[in-house]
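Student: I would like to learn how to read a few structural features. Can we take them one at a time?

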Amino acid sequence: MSTTKLLVALTASLLATTAGVGAAEMFNRVASFPVALNNAEAKATSSEIITATDDGMTLIYSDSPAGGIGFVDITDAKAPKAAGFMDMGGEPTSVTVIGAKAYVAVNTSESYVAPSGKLVVVDIASKAVDGEFDLGGQPDSIAHNKDNTILAIAIENERDEDVNDGALPQLPSGYVVIVTLADGAVTEAGIKKVEVTGLSEIAPEDAEPEFVAFNDADEVAVTLQENNWVAIIDAKTGTVTGGFSAGETGVAGVDTKNDGRIDFSADKKPVPREPDAVKWLDNDRLITANEGDWNGGSRGFTVFNRDGSVAFDSGNALDVQAAQLGHYPDKRSKKGVEAEGLDVAKFGDSQYIFIAEERSSLIAVYKDTGAEPEFVQALPSGISPEGLIAIPARKLLATANELDLREDGGVGSHVMLYELAEGEAAFPSIISDLDADGHPIGWAALSGVVADAEKPGILYAVSDSFLSGAPAIYTIDANAKPAHITAKTIVTRDGDAAQKLDLEGITLDGEGGFWLANEGDSAKLVPHALIHVDAEGAITGEAGVPVEVLAGQTRFGAEGVAAVGTGDEQVLWVAMQREWKDDDKGFVKLLAYTPATKTWGAVRYPLEAAPEGGWVGLSEITVHGDYAYIVERDNQIGDKAGLKAIYRVKLSEMVPAALDGELPVVTKELVRDLVPDLKAGNGYVLDKVESFAIDAAGNGYVITDNDGVDDSSGETMLWSIGAL
């Protein structure tokens with residue numbers, strides 16, 4: 001299939017799975033569980049590799065930074081509960097369950113050159129350690145066979161990435177441990193070491209096994225990621241019986257530069273696939289998630305026949321999906337979305353493939369057709385999904401999302417749950433179309449929006465500095481479900497993409513163009529200003545914030561702009577995000593600029609009280625009827641989020657005073673608390689509600705800013721609050 005045809009097919013699939021045409025079974029997120037609830041005293045917690053008990057009622061995940069495993073009670077999948085934490089005396093890397101026991105692979109290495117590890121057997125009911133067994137090296141993945149009689153453990157003995165640029169060989173080599181259970185118990189006699197050196201074409205003397213998976217014939221597929229190899233072991237005899245190179249692949253139609261713009265016109269030269277997770281689709285086919293984290297960047301997944309021949313390679317599909325969904329990690333363009341985790345499970349008559357994308361924080365869902373996998377949908381995950389487990393008996397999928405950003409004021413690690421049920425897909429709420437060249441319209445970090453003056457449901461949004469290499473105005477058709485971005489207009493200066501812009505607001509100029517609010521940053525020489533552009537995005541004028549205001553400037557400036565009136569009577573109102581040095585605490589300026597006279601004035605807006613350790617500010621302003629509508633929010637996320645709301649101020653009160661005098665204080669009225677809306681997606685509460693517009697029919701639209709997948713899950717929510 002050609003690149004253009006593939007992109008068209010993907011777009012059609014993304015639209016079809018969310019358009020509500022006919023009845024279909026779709027996965028939707030039903031709950032999110034912050035793993036810090038299991039270990040409140042730990043400075044950092046994580047959920048990495050996750051599994052479930054045989055009855056599907058309890059999840060168990062490895063928590064590397066906290067050094068243990070956590071339990072989540074999902075008896076009610078829509079209300080998961082903390083079920084405890086166990087210290088493992090090391091760094092758990094993986095966990096699997098057989099009956100009443102959990103088998104945990106634990107890294108106890110003192111250094112890269114002296115690796116060590118152990119297998120810990122845990123009684124799940126009592127949360128007691130039943131036994132510990134030396135593995136002789138640093139473990140990674142663990143799995144068990146269908147009959148619950150054999151364990152396989154990848155002993156990676158990983159390389160030091162700071163030595164020789166991480167190049168192999170770096171001894172000691174890794175290997176695989178096969179554990180044959182005796183009546184369900186681990187015994188020293190049942191532990192066998194299987195060497196996998198001398199197999200690969202890359203550093204054969206230094207094997208680095210990464211992931212293990214059983215088929216129904218008790219064969220173990222083992223990925224040697226850095227060696228770019230897949231080995232096959234007969235677990236009953238503990239011997240290597242097959243294997244193949246994962247090969248190289250080139251990728252057409254991708255973004256390869258970390259340059260602040262999403263441009264899918266480049267091709268990636270052939271690179272090693274470097275597979276991470278592996279699963280068997282049946283006894284003769286395997287599927288690998290090709291992380292490509294060293295020399296790779298292959299960006300996708302591959303279906304192999306057992307002889308190593310390629311049955312299917314996803315090419316640029318995952319990157320394209322991410323770009324259309326606003327999840328593309330531009331700062332990681334060298335390597336793309338980084339497919340890492342993988343699960344395969346049969347729900348009813350359909351075998352599903354689930355692929356966790358570490359850098360885009362998406363889960364791609366496919367159906368195994370026996371030939372080319374069929375894309376079904378994408379699911380929003382927490383930040384950096386590492387592991388996932390399907391529970392077909394309960395029609396559930398669980399993901400483990402490893403990143404903990406609480407120390408920096410962000411969100412912590414979450415386990416997320418999804419249920420397969422008849423109905424429409426709730427995600428995405430906004431996607432993009434293809435451009436004239438057949439590439440996805442790349443977008444992220446929508447930070448301000450205005451509605452078309454005449455066409456209901458048509459919106460124009462701007463992106464902030466995350467995509468500073470190509471600042472843009474996006475046309476959004478919110479009449480569609482999901483809403484979709486139909487066009488992108490680059491903001492230009494003298495014919496080139498404009499520099500030194502951090503666009504945070506947009507309003508119509510009444511003449512076919514726009515006024516844009518630019519949030520300044522003196523440290524980066526970005527001006528606090530209003531930017532005037534024509535319909536093609538060309539800058540035709542600028543109005544800098546006056547010097548008497550700049551004297552008190554801080555980083556947090558203009559966050560929204562709205563126009564009142566037309567022609568010579570037009571006034572532009574600018575919402576400043578936070579207090580500047582000359583503002584009284586708890587008050588921010590609403591600046592007023594009159595283009596006809598090039599004069600400025602202001603009023604003061606009273607903020608709600610700031611949360612402990614946080615702040616409250618403004619994110620947007622729009623005008624409808626007799627009121628200015630203003631988004632006010634705190635900077636908190638997840639369970640700490642308290643204020644995300646729309647207020648309104650009567651325009652009759654907004655009489656700008658001279659900047660050198662006493663500024664009047666306006667009064668505000670609460671219109672809508674947005675926190676319940678943000679909780680409706682069953683994820684954690686997103687922090688950045690940054691865009692609000694009221695269309696020609698009087699309907700309000702709210703959009704969150706995803707920060708461009710920069711310490712963010714990348715999830716964007718767009719929804720209508722109906723008529724005001």
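Student: How do the residues of the lining of the second largest pocket divide into nonpolar, polar and charged?

Tutor: First, the ground rules. This is a predicted model: local features need pLDDT of at least 70, side-chain atom pairs count only at pLDDT 80 or more, and totals for chains, interfaces and linings use all residues. Residues are numbered from 1 along each chain as its sequence is written, and side-chain values use heavy atoms, without hydrogens and water. Now the general idea: rolling a probe the size of a water molecule over the atoms shows where empty space is left. A pocket is an open set of points on a 1 Å grid over the protein atoms alone, where a 1.4 Å probe fits, with protein on both sides within 12 Å along at least five of seven lines; lining residues have an atom within 4 Å of a point. Here the lining has 9 nonpolar, 13 polar and 17 charged residues. Asp, Glu, Lys and Arg count as charged; Ala, Val, Leu, Ile, Met, Phe, Trp, Tyr, Cys and Pro as nonpolar; the others, Gly among them, as polar.

Student: What is the volume of the second largest pocket?

Tutor: About 1000 Å³, taken as the space filled by probe spheres set on the points, which are joined across faces, edges and corners. Of its 39 lining residues, D687, K688, D707, D710 and D711 are the closest to the centre.

Student: Is helix 2 buried or exposed?

Tutor: Buried means under 20% relative accessible area, exposed over 50%, partly exposed in between (1.4 Å probe, protein chains only). In helix 2 (residues 317-324), 8 of the 8 residues are buried, so the rest of the structure largely encloses this helix. Among them are L318, D319 and V320. Just after helix 2, G326 has a positive phi of about 75 degrees.

Methods
Helices (H or I, at least four residues) and strands (E, at least two) are DSSP runs, numbered from the N terminus.
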